[in-house]
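User: I have a model open and would like to learn how to read its features. Could you take me through it step by step?

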Amino acid sequence: MPRREDIKSVLVIGSGPIVIGQACEFDYSGTQACRVLREEGVRVILVNSNPATIMTDPDFADATYVEPITWQVIETIIAKEKPDAILPTLGGQTALNAAIDLHKHGILEKYDVELIGASFEAINKGEDRQIFKQLVLDAGADVARSHIAHTVEEAVEFALDLGYPLVVRPSFTMGGLGSGFAYTEAELRRIVGDGLHQSPTTEVLLEESILGWKEYELELMRDTADNTVVVCSIENVDPVGVHTGDSITVAPALTLTDREYQNMRNIGIDIIRAVGVDTGGCNIQFAIDPANGRVIVIEMNPRVSRSSALASKATGFPIAKIAAKLAIGYHLDEIPNDITKVTPASFEPTLDYVVVKVPRFAFEKFPAADTTLTTTMKSVGEAMAIGRNYTQALQKALRSLEKRGSSFHWEPLDASKDELLALASVPTDGRIVTVQQALRAGATAEEAFEATKIDPWFIDQIVLINEVAEAIASSENADTNMFLLAKEHGFSDAQIAALRGFGEKEVREVRHILGVRPVFKTVDTCAGEFPALTPYHYSSYDLETEVEPSDRRKVVILGSGPNRIGQGVEFDYSCVHASFALSDAGFETIMINCNPETVSTDYDTSDRLYFEPLTLEDVLEVIHAESQSGELVGVVVQLGGQTALGLAKGLKAAGVPILGTTPEAIDLAEERGLFSKILDDANLLAPKNGTASDFTGAVTIAEDIGYPVLVRPSYVLGGRGMEIVYDSPSLEDYFSRMDGQGIIDPAHPLLVDRFLDDAIEIDVDALYDGHELYVGGIMEHIEEAGIHSGDSSCTLPPVTLGREVIDRVRIATLSIAEGIGVRGLLNVQFAIGQGILYVLEANPRASRTVPFVAKALGIPLAKAASRIMVGSTIAELRAEGMLPVVDGSIVPMDSPIAVKEAVLPFKRFRTKDGLIVDSLLGPEMRSTGEVMGIDRDFPRAFAKSQEAAYGGLPTSGTVFVSVSDRDKRAIVLPVLRLLELGFDILATAGTAEVLNRNGITARIVRKFSEGASSDEDEPTVVDLINRNEVDIVVNTPSGSSARADGYEIRAAAVAADKPLFTTIAQLGAAVASFEATREGFDVSSLQEYAIARAARL
Amino acid sequence: MISTEPAVLVLEDGKRYAGRAYGARGRTLGEAVFATGMTGYQETLSDPSYAGQIVLQTAPHIGNTGTNDEDLESAKIWVAGYVVRDPSRMVSNFRATRSLDDDLVSGGIVGISGVDTRAITRHLRSLGAMRAGIFSGDDFDLSDSEQLAIVRDAEAMAGRNLSKEVSTPEQYTIDAVGERVGSVAVLDLGVKTSTLRYLAQRGFDVVVLPESVTTEEVVALKPSALFYSNGPGDPEASERHVQLLRDVLSEKIPYFGICFGNQLLGRALGFGTYKLPFGHRGINQPVLDKTTGRVEITSQNHGFAVDAPREGVVDSPAGFGRVEVSHLSLNDNVVEGIRCLDIDAFSVQYHPEAAAGPHDSMYLFDRFRDMVLAIDKGEPQTEIHSIIDGKNQ
């Protein structure tokens, strides 16, 4: 059936902010969908609150709403845009839940809009545990024995039947949120209590334990003619018990016979049929008992998922793109295979390579968090690698993580075999390396299997890697055979260097002299059966390369690697935009990246895609191959975050041309002494500061500057290791924690700055071409200085800064750009306190806020920057129309206000005792994503940002206030306003005293540390929060004595999902927005804002 | 541990690929073809259709799950030689009883590992399947030109009849499972165990006949139907089996064929067959059922195909009434199934018994059974045909 003629406009629902379990894979799928629908002539309306995404680029939809994803807001959009259909299957669980809400509130019926991609019935069948269980049994397949519980007591009862351990899974949540294994009744009570809260339907499923079974996934697609294909099989190396998002996974499945695989495939097809997904894809998870092959269906997602993004990248079969086509009526056999162009999409990809995905965690950001991996996903990103065999792919994937210790190593053992095996028996970040060390320490493969239940085949592959390492170390000469053996099994030059006691550079030189270089193979969906027309490559040490010569001028763009806190989708946005802009300018664009979740690793994005680790070795080899096949103009390093920037020096040293700001200029900004000189020359101030490479040095400097001081390692992103230190014991503690992480050494000293209390932070993104400065945007932070800019909410344009300050900021930015010698992007962070403008730091690269500026003001900074890097001037780009005539430093009065708010993952992390980790904001970034609220004034924009980030602020109820002494003065006015708005006020004794003296009636509540009164008539604030009697929590941290109290309050607020304000500035902004929230939101598309902007000029 | 002994794969066009000896040592000759399935190496190796071929697996890791007796598709390994990239060092599967290496060595199958299988695949894809040899052990030491000469002296696949080599020497019977529907005479041209099992499971007593059987012997069995299996070789070189089929069809005995059995039905009806450039060998091959418009993902293994008009109904040049092409490959439009409208006969080029491969097409065995039942009941021709073409389902 060709495409449906009755669908002329489609509303696509995005997935909102990046959170753990729902990351930029949905930007990839949503971008593909928007692209496909527009190609088909469908009018695309998009709603997504996440400004950092590529899909919200106004070029990808006809009407782009960066608005909160709630059914109320979507109803407003539907009423305005009148779409024929809604596509909710490409925006993760967020979009699916929004669709369910729209259905439940009768909105679909009211406006006569159809759900496409999956019907409400199909969504329900897939997501409702009980219905799904029956359906699996009807399909003749098996499920784990289970019970549904709606209360904790019910759960305890059922546990008697199922026995411990058992699995708890809440209904309708994503990324396994709220699920886990309960080994004891106490754990069961806690997990079920949480799970009931997380589940929108207040139900959890209790299941018999299948811990240690093998885990598999299938990605399926089905059309309305009932044609069904399995796109990919994925095998989890970590057995059942670890969320698939946290597991090392491999495609295709490597330890199944055809019988077992076909059995699983049959079950999968029966299920997708029974659920009734008939215009799209689904993901089904299986567990197989390794002892007897019994197959259990774990769950299915009736939508595109993280695994489907992985499967798309792993196979070259673009699931989201095909899903969008199926949704508008096509059948699989009517859609051509993207890569071969001549064969149809109604087939099953076959791989002649192995794909390994490894998760990236951020436990270092949450030192108190329990690092045990469970069925609740905790990783913040992932890297994928492709190799011609498992060892190659695995080792490439591990080094793609760019994390010290994540690769196999052969340093002296630091623990005994038994200790290592014990360690490996608990799944944690880096377990695979522990297994490798245990094997080195003498553990047998059987012992490693017993400890981990990782399939013996995968264990043997690690044994093999250890054997190869031994052969490398003991080889008489570093000869061709030794290199070929090493490379066949994925050893990096760095690993070979370590094994042979040489430098990495020397190893590479010898290897090149011997002519041992990788070839590049193609991901083609068909194992070479048909010619591939899409240059999607990976390296391998094999015979034949498939890189085609080209006569176009080439630019290589380095991506940003796996997502992590501090480096996420924002950088992918910039890389993708550079690719688009350079392609438009006639260059052949070549992308190198290893993150399967991204748009940059969509083979449609750039002219050529290399799915490779972003290490110097791997990048140099791609550059070598491309240089052999045509003229390389240079490499773009300033858009891929610290990952790409960190390679600049090495590339330059190897003779590779770096586009834009030179590595030497990058050093000027990073190296403290050089940067001070630039500031001095420009008469600019930095907070008093110094550098030190050890504790003694740091104390001397801190005492000279005066505490508190802000400390941070150089060359890091996302404020890694950045802390405010109040005294020298804390500084000693800091050093003890940083020790051994290899972050601080004489070459990379610690930066020590005076910490500015009560200053306002300002962020500037600008372009400089050597002649002219073009300001993209000046952003004012809502929280005071000391909160990492990535975690701070900010407003564009600024709402409290005077014209004079803005002028000073502009002039300062220009001086810094000139001083450094920027060619391209520059981000500067300022702080203004008592009228003095301080320069906190300058980064000559794309910042996290580049996409926010683009969405808020319509200025395509990343595109312009990439053009400047290849020689265009700002004047030319202005003349061309790429850049607006007037820059973003002065925004006209009647322009809308955009507010960016960070989204934090505290809910995901627990301490070993099952408590929530502390949710205080600080100088180290911990947010995973962001949202944008845009409206005509600040209160409305802020209200939208809160709605989008946290599901909105309550407009009535009880507010609990407990603030530190320094905040007591500032709290009076906002709390008074809350009282006037009708809120009840609760406060701890000290805060209540201040409020009552100021005429604000505040009820006193006991502190947690005081405990409830003996008759329990007077509960503590934590009790009240747990009992759901508090709607908003205001708690600012004070001195260390009260720290424990504050922690308990914040933890309770996060656990109960209550809005929590830890700074007075946030509270002030919130208070202003309550009234806006009460009125409901108006919506405008970015395209409408652009028209209004044009009219103002 | 994997061997480090050298081996070389030599193609008739002079290309040489150096690798490591795998399986038995020595020399082997055959037609080099590639198979793209990611699972089911044991089924592939024991599929008699691969007789005379040096099979290259595009899937990189082979042997991980070892071998067992249940997954054998015949009593032995039939491939002439085996080309893989990464043979497994160990076995991990609860059903495994031994390793693939054991089977290759005991079966005397000469193989090679550690070669760039993708480069060879691309070469065969561009130039077509060709004669090849694997040389290891003492034969590795022959000179390049000696090895090439040996390869070029080997018999080419075109024009080759291999049925004698793979067929059962003696007739034997497998009893029907469950309620008996009738009996089916299976001409063993290289039949797979799964096919026989599925026929028996459909209620047929399965009488497996050697390829030397005569028309009289078949007719004397009074079977409910005749079945021609898959098998190796050039259908053009099997004129005797074509004639046998014509004779049996003239006796009004219903017919179902798979793979080689499809090519022979095509020839019996008077159509030609031809050699494909590099064949279809994989378990991901999309086939369109022209009647229903449905796509099935099929298991395929054929180097030859039937040359019949793809559209419309035509008269059998051999006088068996009207015929139509029922199935087409969606990849390259090759004929994947034919059906007669005036006699009770149909066949497919792909493998509904799978093994290895998806079970999407298992329904064809049901159709076959339903056809036989309808004929027994004396249903009208139109009813029988709507069973065969799937309109009834």
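User: Which share of the contacts in chain A join residues at least 24 apart?

Analyst: Two residues count as in contact if their C-beta atoms, placed from the backbone, lie within 7 Å. Among contacts in chain A between residues at least 6 apart in sequence, 71% join residues at least 24 apart. A word on the source: this is a predicted model, where local features need pLDDT of at least 70, side-chain atom pairs count only at pLDDT 80 or more, and totals for chains, interfaces and linings use all residues. Residues are numbered from 1 along each chain as its sequence is written, while chains are lettered from A and ligands numbered from 1 in the order in which they are written.

User: Why does the radius of gyration of chain A agree with a compact globule?

Analyst: The radius is taken over C-alpha atoms, and the globule rule is 2.2 Å times the number of residues to the power 0.38. For 1097 residues a compact globule would be near 31 Å, and chain A has 28 Å, which agrees. Its C-alpha atoms fill a box of roughly 80 × 70 × 65 Å along the principal axes.

User: How much of chain A is buried?

Analyst: A residue is buried if 20 or more other C-beta atoms lie within 10 Å of its own, exposed if 12 or fewer, and partly exposed in between. In chain A, 61% of the 1097 residues are buried.

User: Which residues touch the most other members of the largest nonpolar core?

Analyst: In soluble globular proteins, nonpolar side chains tend to be buried together. A nonpolar core here is a set of buried Ala, Val, Leu, Ile, Met, Phe, Trp, Tyr and Cys residues joined through C-beta atoms within 7 Å. The largest has 460 residues, and A:Leu558, A:Val636 and A:Ile985 touch the most other members. Not counting residues up to four places away in sequence, A:Leu558 touches several residues, including A:Ile592, A:Leu614 and A:Val636.

User: And how do helix 26 and helix 27 of chain A pack?

Analyst: Two packed helices are described by the angle between their axes and the distance between the axes. Helices are DSSP runs (H or I, at least four residues), as are strands (E, at least two), numbered from the N terminus. Axes are lines fitted to C-alpha atoms, for helices over the stretch in contact, with angles from 0 to 180 degrees between N-to-C directions. Helix 26 (residues 695-705) and helix 27 (residues 728-738) of chain A pack at about 150°, with axes 10 Å apart. A:Phe695, A:Ala698, A:Val699 and A:Ala702 in helix 26 meet A:Ser728, A:Leu731, A:Glu732 and A:Phe735 in helix 27.

User: How many residues does each chain bring to the contact of chain A and chain B?

Analyst: Chain B gives 42 residues and chain A gives 47. On the chain B side, helix 3 supplies the largest share, 6 residues.
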